[in-house]
Amino acid sequence: MTEIASPYISHPRVMVLGVLPGTPPFRIVEIDGQVVGEAKAMTDVLEAAAAYGIVVHDLDDPDQVRWVGGDKFTWSLH
């Protein structure tokens with residue numbers, strides 16, 4: 001068996017939750033497990049992270065940002 005017994009699960013400091021209804025729709029941003037605000041675009045996520053001293057170099061890196069309910073391009077309800 002070549003697979004490891006327990007898969008690696010990253011615990012990034014920034015988590016962006018699924019899209020919620022609103023005008024415009026938004027996503028909740030958590031940093032270190034605490035809700036810090038709403039994001040209506042990728043730039044809002046970067047600004048929230050920067051406000052907490054986190055520099056995100058790659059929004060696609062699961063070790064930096066976890067996207068729940070869609071990726072960095074998901075900003076509307078389906």
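Contact is defined here as heavy atoms within 4.5 Å. The structure is a predicted model, in which local features need pLDDT of at least 70, side-chain atom pairs count only at pLDDT 80 or more, and totals for chains, interfaces and linings use all residues. Residues are numbered from 1 along each chain as its sequence is written, and side-chain values use heavy atoms, with hydrogens and water left out.

Helices (H or I, at least four residues) and strands (E, at least two) are DSSP runs, numbered from the N terminus. Residues are called buried under 20% relative accessible area, exposed over 50% and partly exposed in between (1.4 Å probe, protein chains only). In helix 1, V45, A48 and A49 are the buried residues. These residues lie on the same side of helix 1, because they cover an arc of only 100° around the axis; the arc is that of the directions from the helix axis to the C-beta atoms. An α-helix has 3.6 residues a turn, so residues three or four places apart point the same way. The buried residues of helix 1 pack against strand 1 (14-20), strand 2 (26-31), strand 3 (34-39) and strand 4. E47, A50 and A51, on the other side of helix 1, are exposed.

Just after helix 1, G53 has a positive phi of about 80°. I54 belongs to the loop between helix 1 and strand 4 and is buried because its relative accessibility is 11%. Neighbours within four places in sequence aside, I54 contacts R13, V14, I31 and A49.

The C-alpha atoms of D60 and K72 are 7.7 Å apart.

The whole structure contains 1 aromatic pair. W67 and W75 form this pair, edge-to-face, at 6.2 Å centre to centre and 90° between the planes. Rings of Phe, Tyr and Trp (its six-membered ring) pair if their centres lie within 6.5 Å, with planes under 30 degrees apart counted as stacked, over 60 as edge-to-face and the rest as tilted. W67 is buried at 16%, and W75 is buried at 16% relative accessibility.
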